[in-house]
Amino acid sequence: MSTEHPGIKIPRCIRMNSRDNVAIIVNDNGLPAGARLESGLVLREFIPQGHKVALSDLAEGDEVLRYGVVIGTAARELPAGSWVNERVLRMPEPPSLEGLPVSTAVPPPEAPLEGYTFEGYRNADGGVGTRNVLGISTTVQCVVGVVEYALERIRKELLPRYPNVDGVVALGHGYGCGVAIDAPGADVPIRTLRNIARNPNFGGEVMLVSLGCEKLQPARLMPEHFQAPAAPGIGQDLVRLQDEEHIGFNSMIDSIMAMADEHLQRLNARRRETCPASELVVGMQCGGSDAFSGVTANPALGFASDLLVRAGATVMFSEVTEVRDGIGQLTARAATPDVARELISQMDWYDQYLNRGQADRSANTTPGNKRGGLSNIVEKAMGSIVKSGSSAIQGVIGPGERVQGKGLIYAATPAGDFVCGTLQLAAGMNVHVFTTGRGTPYGLAEVPVIKVATRSELARRWHDLMDMDAGRIATGEAGIEDMGWELFQLILDVASGRRTWAEHWGISNDLVLFNPGPVT
Ligand code: CA
């Protein structure tokens with residue numbers, strides 16, 4: 001991509017559906033009052049990039065449609081050419097969870113895509129890793145400082161001896177003690193931590209650092225590994241800092257390093273081999289969204305998602321508050337009535353969760369979303385759902401659960417980027433695709449994150465953070481299908497070891513657990 005890009009000069013807007021009475025402005029930096037669109041419509045005021053223009057005269061109370069969906073009603077009279085933003089829109093009520101269409105529009109399977117492969121690490125449990133990483137699990141935040149200290153030394157003293165290992169990461173978190181560990185909701189963070197340790201990128205190597213007195217005891221966190229007295233893990237894969245054998249700090253560090261060394265030897269023996277694309281488990285989400293998310297990056301990702309499904313892969317979409325307003329579209333696409341019922345049950349659980357906190361789905365949208373042209377959560381949701389493509393929804397998992405089966409899966413998670421990423425990690429994703437309009441340097445140390453910009457202006461400015469520019473769809477330089485194929489190929493390349501920009505710089509974010517239970 002050339003660094004000198006003039007941007008497009010002719011006034012341009014995009015209307016998503018023939019029923020829409022608003023369209024969004026494409027031009028970088030927006031368009032001034034008096035600008036004339038191709039249709040002949042003249043703007044009555046300045047409208048920023050990504051924001052909506054009224055295509056016809058709207059009276060107070062008139063429905064405003066984008067994506068062919070009512071995203072709100074006009075709060076006052078809005079003549080054609082007016083700027084339609086969150087201040088002049090009233091938000092509709094969320095759709096009821098009663099009487100939704102159940103598996104009424106299940107898309108038929110598309111022709112399988114054969115012959116697409118990537119180079120991955122096959123694991124004994126059948127999963128396939130895309131990176132070769134030692135993950136050190138922790139039961140409680142108390143031990144994280146010690147583990148981080150040990151990590152510094154592991155990186156300096158041990159990793160150079162194991163060139164096939166990509167890295168070592170502490171699976172630190174704020175949970176484990178000071179929490180109501182028997183309360184409803186506690187199972188979510190606990191199973192999340194348990195399942196993260198099973199992520200295919202860690203190659204089945206379990207290593208746990210515990211304090212000793214914490215509520216989340218090793219046997220509770222990983223019963224299969226530490227419960228039975230004769231289980232192989234006890235004494236081998238566990239360092240407990242309060243054990244009497246540890247005299248002073250360096251004794252703890254030595255134990256952690258000795259244990260890490262054993263696991264690194266085994267990881268170092270892993271080799272990439274050719275695997276079918278059906279072994280991919282792709283987690284999709286968006287963050288820092290704008291009005292282009294649903295026009296460029298998410299439709300391209302939706303197209304790539306359909307290709308992945310055709311190749312037999314597992315593809316997850318998530319973010320409950322960003323699908324809540326389109327739940328009827330999803331229940332209609334559910335492969336079976338059971339899947340539809342499970343979708344509704346996850347929405348209902350989340351409605352109640354938000355109610356308990358005296359909030360609703362409208363708490364989702366950020367100031368940046370609004371500056372980017374997204375007036376409310378309804379408009380944001382319609383753009384977010386697009387990334388699920390058009391395949392049938394084959395299954396639903398709850399937060400922190402491990403995904404099973406192939407095809408398009410709804411993994412119910414909050415929309416917050418780090419919480420969603422952490423839960424998709426627990427579900428077993430081996431590639432993460434993240435679309436953004438405002439821009440975020442998001443990355444994970446555990447799994448590669450491909451970042452797709454919704455706008456070319458962002459892709460140019462953040463040329464060494466964004467892995468793909470989907471803004472070319474808005475400017476007419478590329479079609480959704482071209483970008484979808486390009487993204488599909490990029491997913492295969494990154495799965496095979498091609499580094500993302502976040503990996504190039506070595507930047508990553510913390511894991512953030514979803515804990516719906518009380519803190520004591
Ligand atoms: Ca998100």
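Visitor: Is Ser 289 buried or exposed, and at what relative accessibility?
Guide: Ser 289 sits in the loop between strand S15 (281-286) and helix H6 (297-310); helices (H or I, at least four residues) and strands (E, at least two) are DSSP runs, numbered from the N terminus. Buried means under 20% relative accessible area, exposed over 50%, and partly exposed in between, with a 1.4 Å probe and protein chains only. So Ser 289 counts as buried, at 3%.

Visitor: What kind of model is this, and how are residues numbered?
Guide: This is a predicted model, where local features need pLDDT of at least 70, side-chain atom pairs count only at pLDDT 80 or more, and totals for chains, interfaces and linings use all residues. Side-chain values use heavy atoms, with hydrogens and water left out, and residues are numbered from 1 along each chain as its sequence is written.

Visitor: Which residues is Ser 289 in contact with, leaving aside neighbours within four places in sequence?
Guide: Contact here means heavy atoms within 4.5 Å. With neighbours within four places in sequence left out, the partners of Ser 289 are Gly 368, Asn 369, Leu 374, Lys 380, Gly 437 and Arg 438.

Visitor: How many of the 14 residues of H6 are buried?
Guide: H6 reaches 20 Å from its first C-alpha to its last, close to the 20 Å expected at 1.5 Å a residue; that expected span is 1.5 Å times one less than the number of residues. The buried set includes Asn 298, Ser 305 and Asp 306 as well as Leu 301 and Leu 307. H6 is largely enclosed by the rest of the structure, because the buried count is eleven.

Visitor: Which residues touch the most other members of the largest nonpolar core?
Guide: A nonpolar core is a set of buried Ala, Val, Leu, Ile, Met, Phe, Trp, Tyr and Cys residues joined through side-chain atoms within 4.5 Å. The largest one has 58 residues, and its largest share, eight residues, comes from helix H13 (residues 480-495). Those touching the most other members are Leu 280, Tyr 410, Val 433, Ile 450, Leu 487 and Ile 491.

Visitor: What does Leu 487 contact beyond four places in sequence?
Guide: Ala 300, Leu 301 and Ala 304 are among its contacts, and those three are also buried residues of H6.

Visitor: Where does H2 pack its buried residues?
Guide: Eight of the ten residues of helix H2 (residues 187-196) are buried, so it is largely enclosed by the rest of the structure. Arg 191 and Asn 195 are among the buried ones. They pack against S11, helix H3 (218-221) and helix H11 (417-427).

Visitor: What is the phi of Gln 358?
Guide: Most residues other than glycine have a negative phi. Gln 358 is found in the loop between helix H8 (337-356) and helix H9 (367-371), and counts as exposed at 77% relative accessibility. Although it is not a glycine, Gln 358 has a positive phi of about 55°.

Visitor: And Tyr 67, what is its phi near?
Guide: Tyr 67 lies in the loop between strand S4 (63-66) and strand S5 (69-74). At 15% relative accessibility, Tyr 67 counts as buried. Its phi is positive too, near 60°.
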